[in-house]
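Thanks for asking me to look this one over.

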Amino acid sequence: VLNSSAIDDIGVEYAADIFRHIPGLVVSRSGGQGGLTQLRIRGAEANHVLVLIDGVEVAAAGRGEFDFASLLATDIEIIEVLRGAQSGLYGSNATAGVISITTKGAHQGGDFSLSAEKGSNDTEQFAVSIAGGDEIASGRLNVTYRESDFDLSTDDSVIGNEDDNDKILAISAGGKWSVNKHLFLDAHARYNENKTENDGFDFTGGALQGLAIDDDSWSDDTDFSIGVNTNVSLLDGTSLTKISASSTKNETEAYSGAPIGNESSRVGYSMQTTWVFNVGAYAKNQTTVFGQREEETYRNTEPSSPEQEAEQERNLTGLGFEHRLELWDSVFLSGVLRRDNNDAFENEVTYSTSIAYLIRRSGTRIHTSYGKGVTNPSFFEQFGFNPGTFKGNPDLKPEKSKGGDIGVEQSLMNDDLVFDLTYFNATLNDEIVGFYDVVDSLST
């Protein structure tokens, strides 16, 4: 867990650069600012990592993974990283782990901030934030704009001569309303637009064969998500029910020798109820039952193959339960079991379990976990189309992974210094890989 002070101490503008400081995570970016930015946990693929922002899954359904290129650090309050197969609790695409990001929320009283920055490479950033409210209702609005120029290619005369540019507009808003001591509502919305000019590659066989060159390539990605939660607390806080609804929409337009575009959406509904009960003074129990419904759509907007339907869709319904047990404030056990009913794939059962033992006198914690995860193929892998280069494969199956870890953690200097040595092993089955189809000379 990284809180806002830890994030500020790292001192970076892009959220992706924060994750470079977290062990077990790798960040890769294609080209300059605004290029596709992927995050991997423990060597798995980027679409094996589920990303939540204020509890809403934000990966584009078409791509199957979240692009961190346009996510700025300005409005982030907390980052939580959960490693290992987590599909038992979170469903598809949590094969390697979960990244949960919480934006800065409203608080009692008023708050206003305005900042402007300018730097090398014609970099400019402007941010404004306003928040206010009382113990009953509060809200917050944050707007950030960032722009920068760059040129990564060594080609200044042969084909083109131009700097590239990246523009990001990020708007986030949130609100809370306490109806009474048993019922409160909260909502979050997020809009991101990333316009990027980027370099192409020379495949003419000349002196710059395979190298980055200046050309007219560009991309324009727009993401919008909204989530609404109803929270009901009963039995003196020992029973909590959360009912949620969310919507995510993504649009991509790009040009790299030919126009490319697609749009996708995801609508989700979920309900979970948690009961907390103790057995004597030594055993603390927490049981959660949950249900989830997801409806996803995808459409190629440009170009489009005549064989493709105008819009593809698929639905998922998941049910499961989790139990956590804490003994003597030293032994921590958890288990999750989940079943997903898919209309596009076979139904799937996933699970995870973990055990941790804390030796309080020495600050030593021994921990182990094991689980099974699944990752559904992305819509683009199934139905994507680029004329003369790529065609999707609608017969793809979900990828499946089983794995576990075991490790020991040692805290020193009142937890100011922490060492953790962990061994992990995971096996991926039914991996989705690309190959060249010699029959029609297309990759798939």
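1. Conventions. This is a predicted model, so local features need pLDDT of at least 70 and side-chain atom pairs count only at pLDDT 80 or more, while totals for chains, interfaces and linings use all residues. Residues are numbered from 1 along each chain as its sequence is written, and side-chain values use heavy atoms, with hydrogens and water left out.

2. Four strands form an open sheet in the order 4-3-6-5, with mixed pairing. Its edge strands are strand 4 (56–57) and strand 5 (76–83), each pairing on one side only. Strands here are DSSP runs of E with at least two residues, helices are runs of H or I with at least four, and both are numbered from the N terminus. Two strands count as paired if DSSP finds at least two bridges between them. Strand 3 (residues 49–53) pairs with strand 4 in the antiparallel sense over two bridges, and Leu52 has Glu57 in strand 4 as its bridge partner.

3. The core. The largest nonpolar core has 26 residues, and Phe19, Leu39, Phe66, Phe68, Ile79, Ile99 and Ile101 touch the most other members. Such a core is a set of buried Ala, Val, Leu, Ile, Met, Phe, Trp, Tyr and Cys residues joined through side-chain atoms within 4.5 Å. Elements giving two or more residues include helix 2 (15–19), strand 3, strand 5 and strand 6 (97–103). Helix 2 gives the most, with four residues. Ile99 has contacts (heavy atoms within 4.5 Å) that include Phe19, Leu39, Val51 and Val81.

4. Phe290. This residue sits in strand 17 (residues 283–302). Phe290 is classed as buried because its relative accessible area is 10%; buried means under 20%, exposed over 50% and partly exposed in between, using a 1.4 Å probe and protein chains only. Among the residues Phe290 touches are Gly88, Met271, Phe321 and Arg338. Phe321 is 31 residues from Phe290 in sequence, yet their C-alpha atoms are 6.1 Å apart.

5. The surface patch. Phe321 also belongs to a nonpolar surface patch of about 840 Å², along with residues including Trp275, Tyr282, Trp328 and Val349. Patch residues have over 30% relative accessible area and no salt bridge, and nonpolar side chains (Val, Leu, Ile, Met, Phe, Trp, Tyr) are joined within 5 Å. Strand 16 (residues 259–279) supplies the largest share, three residues. Trp328 lies in the loop between strand 18 (312–327) and strand 19 (331–342), and counts as exposed because its relative accessible area is 55%.

Notes. Patch = residues over 30% accessible without salt bridge, like charges linked within 9 Å, V, L, I, M, F, W, Y side chains within 5 Å. Areas by Shrake-Rupley, 256 points an atom, 1.4 Å probe, with all protein chains shown as cover. Salt bridge = Lys/Arg side-chain N within 4 Å of Asp/Glu carboxyl O. Lists of a residue's contacts leave out its neighbours within four places in sequence.
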